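Hello,

Here is the structure I promised to pass on. My notes follow below it.

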Amino acid sequence: MLTAALICLLVPLAAFVVQLFLGTRLPRGGDFVSVGAIGASLLAACWIFWQVMAGGEPGYQWSMVFRWVEVEGFTIPMGLAIDTLTAWMLLVVVGVSFLVHVFSIGYMHGEDRYHLYFGYLSLFSFSMLWLVLSDNLLGIFVGWELVGVSSYLLIGFFFPKRSAALACKKAFLTNRVGDLGMWLGIMLVWKELGVLRLEQVYHHVGAGAFSSEATLTIAGVLLFVGAVGKSAQLPLHVWLPDAMEGPTPVSALIHAATMVAAGVYLVGRLFPILTPDALLVIAYVGALTAFFAATIAIVQDDIKRVLAYSTVSQLGYMMVGLGVGSYFGGLFHLTTHAAFKACLFLGSGSVIHAVHTQNIWEMGGLRKKMPITFATWVISTAAISGFPVLTNGFFSKERILGDAMGFGLHLPQHFLIFALPMVAAVITVFYMTRVTIVTFFGEPRDREKYEHAHEGGFEITAPLMVLSAITLLGFAYAGPFERMVTPPSSTDYAAEQFAAFHYGESLRTGALDESHGAHAAEAGRGEAAHEEPAHAETGAEHHEAPWGPHRVDAHSLHTGHRAVLYLSLLALILGVALATLIYHRKRSQEALARRFSGTWRVLYNKYFVDEAYQAGVVNPLLWLNRLSAAFDRVVIDGAVNGSATLTRALSSGSGWSDLRIIDGIVNGIASVTQVFGAAFRRVETGRIQHYFAFFLAGTLVLMLIRVY
Amino acid sequence: MIGLVHYLVFAGILFCLGLFAVLTRRNAVTVLMGIELMLNAGNVNLVAFNRFVGSGVNGQIFALFIIVLAAAEAAVALAILLNIYRTYKHITVDEIHLLRG
Amino acid sequence: MSFEASIWYLVALLTLGTGAYVVFTRNIVRAAFALVFTFLGVAAMYVFLRADFLAAAQLLIYGGGITVLLLFGVMLTHRHEGMELKLDPLKALPAVAIAGGFFVAIWSAARRADWDLVAPVEPVGTSEAIGSAIMTTHLLPFEEISVLLLVVLIGALFVARRSGEEEGS
């Protein structure tokens, strides 16, 4: 197991290093290195998956720990852990990554720095795998940052284009804001518990080590802030649409299937320690995001933008799922979304590659020219719309909506958490159908582009087909997933101490149904199996959720399902019909836009969020920046230059004094000597009589001295 | 009576006159004359001492020799002066100062 | 004052007077002639001091030889404008001071010193004494003087010769 894990994790890293240093010298730019590496990882992931799932134990656990930092009384361990969720995540991440690698061979053919692109893809794969395999919060954070860096590099791959450079910067900075919250959350957990390994965290929280429920809520929300950034939820969603500047395969891999899912994954991992209040926050954020993004997607003209906002919206769905307590709903939607969204993005990539434009209004009637792309596109659109049974999206989306309705019915004050995603579902169908019709149906709008359009090569069509196949087989793996991927229940950790919650007995009252004691144990922690309570025997210990009023038990959640089924079918039909009606005729877009011009303007400009940020956040920061720069220039440089000027003045002063005074003294001595010399020289008259006179005078003096 | 002191004073005056001439006169020949005066005064001193203090004739012999030397010296000095005269066309000691510093 | 004393003072006065004339006159020729009388006066002094031979020698050498010598010197080096000399008063002052100083020194020495006087000897002709002294006790200086005179003779001739190139032989 360890070998497999390490192969899976480290081979892509090796590929990255190889590509970085040797890429230019390898034939074909070394794409086979990266593809080979991810292929190896895929094999390793498949093996791990088989090992985990074949055992049939939902509580499967494998971990390896090593001490990373060891200082006096302070150790930070690092390690890998594999459980059922990890196994599925591995498959999803490596699988989609592999398909994207293959797709990129065709799509990125002939691009500048081709080798570096593949290197970055390998780096990303490594980073995401690290995130998923890590067994502690710090490791997840490291992986978090690494995927952020990879995202930055890949979004900004076409950095000579100014919009791309700005986009990658925006992505990174927005993520940083989220990361700040996450880091604070980690610090809070560390302060309260002293441990960061997830297993131990669950244990300690279960044992009531947190100082209060409020603190735990805050920690949960802070950690969720990180997910808000990474998964592009409101209000940190702004980077994802701009991230479309990157190459389309990158958009497929990072910004649809994997990296943005990391936030959902984190919430999933935190599920056991999130208080009802925290979960409520998560659910609301998700619901608002789902609705908000869907409305913007209606009016976008860039095919990738539509898909980007769609991703934001679908991530909101996942958050709603987890927020209402649907562990299966949220996480399964993550996997299904990975499949069909990746397929949609790659499909759009195929289209863009064919017609060399991203504007849907320059396309039209492409279904005849690109049949494979069209077919896979339709399948994936059906998935996202929740087409019954045939698509995997149906299972995940219905579960989320169903559980949300149950939640809403049970706690009517929070009915919005159901209503918004429900409406968003209609809108989702609508905009997806819109794009499909405009792109693939009708008369071609740009004849020249249409003539040139053709299906891509095998590298492009094969991944599309694989992904659609996965999408269609959803019915097969939904069941196993639900059975195997369960939230860590308190029974796995320090069961005895679980009862010793000291958050107050009052919280144990509420809507909890006593008769469903066995279910209640699971309901408090998440979803039970549809068929039968797999952990019925644990009910004997009567572990109730400590937070009763907000958590809804499994039975109650199920109440809404049938209604939701009908509602979503209705939504499907409604959405398709509306879109077809409007867009099958040429002039309708403009007419509609004119009639609802105000609304249209708001939606088209993304509710002016970017402008608000620019004015409220970016510009003040830039102003502060200019202020600091001015301060630095005036005060600090002024001080430095002033001291330099002072030194110069002092030096010139001392130089003057040296020149005038010192030299003056020296010269003065010389001239005094000269004066004296000149004076005495006058004695040497050359006249003998003078000399004789001096001589006699001297003699007289001597005589006088002698006598007296 | 005329005693030693008289002679000494007399010789002193004569000497000082000669000295004055040496120091002051501009013509080189007159300077020589002053030198002769000084020498004569010295001689007088010697002879006076010989008479009043000494015994024998040593003083007088000394004076004799001085006279001879004075003559010799005068001869040489005049030879030099002639030379100088030929070069400078005058013998004003004031204006002969080649060794002037 | 005895007769001898008064004569002595007269002679002294004569000598000193002519000596002063030599020193102060502007006329060189007159100075030379006055110098003769000074020499005569000194010779007289020698007589007073009973140095007869010396007096004779003085007259001969000084009065005869040196005077002529000086006169020759005067003649050969006279300036074109009639041998007039001016005495510079400015230079005179230090000279006066020095000469005066010397005179004061001599006079005070003469007056104050305790001369070891002996009784004056009776006049005896000194020629014989001088002659024998020269030939015996003071023979060396005597011979040296003769050599000296020879040297002086040659030397003076040499120094005073006209150089061959400038003026021909």
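In α25(A), the buried residues are Val564(A), Ser568(A), Ala571(A), Leu572(A), Gly575(A), Ala579(A), Ile582(A) and Tyr583(A). Please note that this is a predicted model. The helix covers residues 561–583 of chain A. Its 23 residues, at 1.5 Å a residue, should span 33 Å.

Next, the salt bridges. The whole structure has eleven of them over all chains.

Asp83(A) and Arg269(A) pair through their side chains, at 3.0 Å from N to O. Asp83(A) sits in strand β2 (residues 74–83) and Arg269(A) in helix α11 (residues 259–270), so the bridge ties together parts of chain A that are 186 residues apart in sequence. Both Asp83(A) and Arg269(A) are buried.

Arg434(A) bridges to Asp301(A), with 3.8 Å between the closest N and O atoms. Arg434(A) belongs to helix α18 (residues 416–440), while Asp301(A) is in the loop between α12 (276–297) and α13 (303–323); the pair therefore ties together parts of chain A that are 133 residues apart in sequence. Arg434(A) and Asp301(A) are buried as well.

In chain B, Asp94(B) forms a salt bridge with Arg26(B), the closest N and O atoms being 3.4 Å apart. This pair links distant parts of the chain, 68 residues apart. Asp94(B) lies in the segment after α3 (58–88), and Arg26(B) in the loop between α1 (4–24) and α2 (28–52). Asp94(B) has a relative accessible area of 11%, so it counts as buried.

There is also a network: Glu145(A), Arg176(A) and Asp179(A) are joined by salt bridges that share partners.

Now a contact between the chains. The side chain of Gln689(A) reaches the backbone oxygen of Arg25(B) at 2.4 Å. Gln689(A) is in helix α29 (residues 688–707) of chain A. Its relative accessible area is 6%, so Gln689(A) is buried.

Last, the largest pocket. Its space is about 810 Å³. The lining has 22 residues; nearest the centre are Lys170(A), Leu173(A), Thr174(A), Gln614(A) and Val618(A). Two elements of chain A, α6 (162–193) and α28 (609–681), each give two or more residues to the lining. α6(A) gives the most, with nine. By class, eleven lining residues are nonpolar, three polar and eight charged.

Best wishes

Note on methods
Residues are numbered from 1 along each chain as its sequence is written. Chains are lettered from A and ligands numbered from 1 in the order in which they are written. This is a predicted model: local features need pLDDT of at least 70, side-chain atom pairs count only at pLDDT 80 or more; totals for chains, interfaces and linings use all residues. Side-chain values use heavy atoms; hydrogens and water are left out. Helices (H or I, at least four residues) and strands (E, at least two) are DSSP runs, numbered from the N terminus. Buried means under 20% relative accessible area, exposed over 50%, partly exposed in between (1.4 Å probe, protein chains only). A polar contact is a pair of N or O atoms within 3.5 Å; within protein, one must be able to donate a hydrogen and the other to accept it, and residues adjacent in sequence count only if both atoms are side-chain atoms. On a 1 Å grid over the protein atoms alone, a cavity is a set of points where a 1.4 Å probe fits but cannot get out, and a pocket is an open set with protein on both sides within 12 Å along at least five of seven lines; lining residues have an atom within 4 Å of a point. Grid points are joined across faces, edges and corners, and a volume is the space filled by probe spheres set on the points. Ala, Val, Leu, Ile, Met, Phe, Trp, Tyr, Cys and Pro count as nonpolar, Asp, Glu, Lys and Arg as charged, and the others, Gly among them, as polar. The expected span of a helix is 1.5 Å times one less than its number of residues. A salt bridge is a side-chain nitrogen of Lys or Arg within 4 Å of a carboxyl oxygen of Asp or Glu.
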